[in-house]
Amino acid sequence: IGDVRSLRASQFPEDAGPLAHPIRPESYVEINNFYTATVYQKGAEVIRMMAALLGGDGFRDGMDLYFKRHDGEAVTCEDFVAAMENANDFDLKQFRLWYSQAGTPRLKFSTDWDADRSLFHVDIEQILPDTPDKQEKQPMHIPILVALFDSQGARLTTALSDGETAKDEHLLNLTARKQRFTFVDIEERVVLSLLRGFSAPVIVEDGYRKQDLAFLAAHDDDPFVKWESLQQLCAESMLDGVRRLQLTKTSDQPEAIEVDPDVVDAVRGALQNPNMDPALVAEAIYLPSETFLGDQMPVIAVDEIHQVRRAYLLHLAKTLEEDWRGLLDRFGVSKDIDLSTKAKAERRLRNATLGYYLLSGAEDAIARVQDHYHTSQMMTDKVAAIGMLAITGHQAYDDLLANYYERWSGNALVIDKWFSLQAAASRDDALERVMKLRGHPDFTLKNPNRCRSLISAFTILNPWQFHRPDGAGYAFLEDVVKTVDPLNPQLAARLVLPLGRWLRYDEGRSEQMKAALTRIRDFDGISKDTREMVEKSL
C-alpha cells in the first residue's frame, strides 16, 4: 500500500503529463533527467508483474539464467526479459510493450450474472491514453488477479469457462483491447475483487457500484483491495462534494458540505474490526490526499478539494470521537524503544487516531498530543505530534517545533524533517514560513537533501498553499530554480516538475504557472538539464 501511494503520488502524474516517457526511453537530451519515477518505480512494478506471470519458482529460474549469462556485463532490459522467457519457455513479446509505451493503462470493467446458465461474465477494456511520444498504441499484456465473493463475504472456489482448474483466485491475462472472462457454476450474485495485490500498475476507472465498494471494504481478505475499496468510496464521495461546491460557490447561500454516511460507516467498521491488522486499519482511515483527489479531476479544483477534505476530516473526528478515545486508551504511548513490526503498526494507528482525536475538539486533546511528544521515545511519534498540531493554530505547535530544534539541531537528517514538517503544514501562513525558513542559518540550497526537505516538501506535499490563487507559490519556486540551477542543474531540473502540470489547473493558475516556466526557460545561462524539462513542460 505504501508503494502504491508513492506510485500514485509521483509516477502516475508523470505518466499523465508532458514529461511522460517509456521505462526504456528512446532518446534524451540530458541523461540525468531520466533518473525518474517511471524508470525506477514503474520499472520495478513491471518486474513484479513478470514474477506474477511466471510464478515464484519460474521467476527464480529466470533470475538464475540472467546471472549465469550476464554476470559482470553491461546489460539491457531486453537481456533480462529474454532470460525470463528462455528459462520458462514463456512468450513475453507483447509484455515487452511495458518498456516501450509510456502512459498508465486505464481499465473499465463490467460484470453480468446469467442466473439461468449459472455464468458470471467479466468484461474488461484497456484504454491507453495518448502521450507526447505516441498516440496510436498497441494493447498491453496486463495480469489481473481476481477473486469472487458471495453475499456472506466468503471467497468462492470457481473455474473459468476455458477449463482452468477451480481455485479461489485467478490471474486473468488481459491481452486485447476488450476481453470477456466467464466463470462457471455461479449460483448466486457475487462481487468481483479486482486487481488483488495491485497486480498491475494501472488505474481502474469505472466498474464498481458504491455498494460494492462498501462490501469489499468490509469483507475482502486481500489487504490492498480492502484498502483500495475504502479509498475509492471516500474519493467518490468527496469528489461529489467538490462538484456540488463548485456549482454553488457563486451563490449567496452556498450549500453546506455534507459528509456521506457510508464513508462514516466504512471508517467505523475498520476501527471496530477486531481481525484487522493495526497497520491496515491505519492505512484505511487516512483519507485520500488532496493531490490524489485532484488527479481524478480534468481540472483540479484546488480550493474546493481542500474545503471538502477538511470537512470530512472534522466530521469523522467529531462523529467517531468515542472510537478515537477508546483506541488511544488501548494503545497508550511508546515509552520504550520498540522496532518490532507489531509496535510499528500500533504506532501508525495510534498517530492516525490521535490526529482525528485532536480535530474532534476534545478538551484533553492538546494535552494528549503534548504528552505524546514528550513521553514517547520514538522519533515517529514526535514528528507525528508536531504535524498534527500544525493545522490547529495552537501555540503548542511552535513550542514543540522549538523544543525539537533545540534537542536535535546537530543532527542533519533530523533537522531535514524539521524543515519538511513546516513546509508541508496545511496552514494559511505556510508560504510565508517557508520563505522565512529559506533564510534560516541551517538552510542552504547547496545541499540537495536540505533543499528538497523545504522546497519540494512545500511544492509537492502542500498543494493548497503552493497553488495559492495569487501565484506567490509559483513565483517563489521560479526564484528558487533560478538560484539553484548554476549550483546543481540536476536538482533544479527536478524542482521544476510541479510547474509542468499547468494544463491541469484553472485559467488563472494555469497562466501564472506557464508564465513562470517561460521566464525560467528564458533566464540567461539556464542549464541544458533545466531547459529540457521546461521546454517539454511547455
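Q126 touches R106, L107, P139, M140, I142, L174, T175, A176 and R177, where touching, or contact, means heavy atoms within 4.5 Å and residues up to four places away in sequence are not counted. This picture comes from a predicted model, in which local features need pLDDT of at least 70 and side-chain atom pairs count only at pLDDT 80 or more, while totals for chains, interfaces and linings use all residues. Residues are numbered from 1 along each chain as its sequence is written, and side-chain values use heavy atoms, with hydrogens and water left out.

Q126 sits in strand 2 (residues 119–127); helices (H or I, at least four residues) and strands (E, at least two) are DSSP runs, numbered from the N terminus. Is Q126 buried or exposed? With a relative accessibility of 2%, Q126 counts as buried, because buried means under 20% relative accessible area, exposed over 50% and partly exposed in between (1.4 Å probe, protein chains only). Its side chain also makes polar contacts, that is, pairs of N or O atoms within 3.5 Å; within protein, one must be able to donate a hydrogen and the other to accept it, and residues adjacent in sequence count only if both atoms are side-chain atoms. A polar atom of the Q126 side chain lies 2.9 Å from the backbone nitrogen of M140, and the side chain of Q126 reaches the backbone oxygen of A176 at 3.0 Å.

Five strands form an open sheet in the order 4-6-2-1-8, with mixed pairing; two strands pair if DSSP finds at least two bridges between them. Strand 4 (159–160) and strand 8 are the edge strands, each pairing on one side only. Strand 8 pairs with strand 1 (residues 106–114) in the parallel sense over three bridges, and V204 in strand 8 stands opposite L107.

The second largest pocket has a volume of about 910 Å³. Of the 40 residues lining this pocket, R106, I203, V204, E205 and Q296 are the closest to its centre. Helix 6 gives the largest share of the lining, 10 residues. The lining divides into 20 nonpolar, seven polar and 13 charged residues. For the sorting, Ala, Val, Leu, Ile, Met, Phe, Trp, Tyr, Cys and Pro count as nonpolar, Asp, Glu, Lys and Arg as charged, and the others, Gly among them, as polar. As for the pocket itself, on a 1 Å grid over the protein atoms alone it is an open set of points with protein on both sides within 12 Å along at least five of seven lines, and lining residues have an atom within 4 Å of a point. Grid points are joined across faces, edges and corners, and the volume is the space filled by probe spheres set on the points.

Helix 8 (residues 278–285) is largely enclosed by the rest of the structure, because seven of its eight residues are buried. Those buried residues pack against helix 1 (2–15), helix 6 (223–248), helix 7 (261–271), helix 11 (321–331) and helix 12 (341–359). At the start of helix 8, a side-chain oxygen of D277 comes to within 2.9 Å of the backbone nitrogen of A279.

D185, in the loop between strand 6 (178–184) and strand 7 (191–194), has a positive phi of about 60 degrees although it is not a glycine. L195, in the loop between strand 7 and strand 8, has a positive phi of about 65 degrees and is not a glycine either. D185 is exposed, with a relative accessible area of 60%, whereas L195 counts as buried at 3%.

How values were computed:
On a 1 Å grid over the protein atoms alone, a cavity is a set of points where a 1.4 Å probe fits but cannot get out, and a pocket is an open set with protein on both sides within 12 Å along at least five of seven lines; lining residues have an atom within 4 Å of a point.
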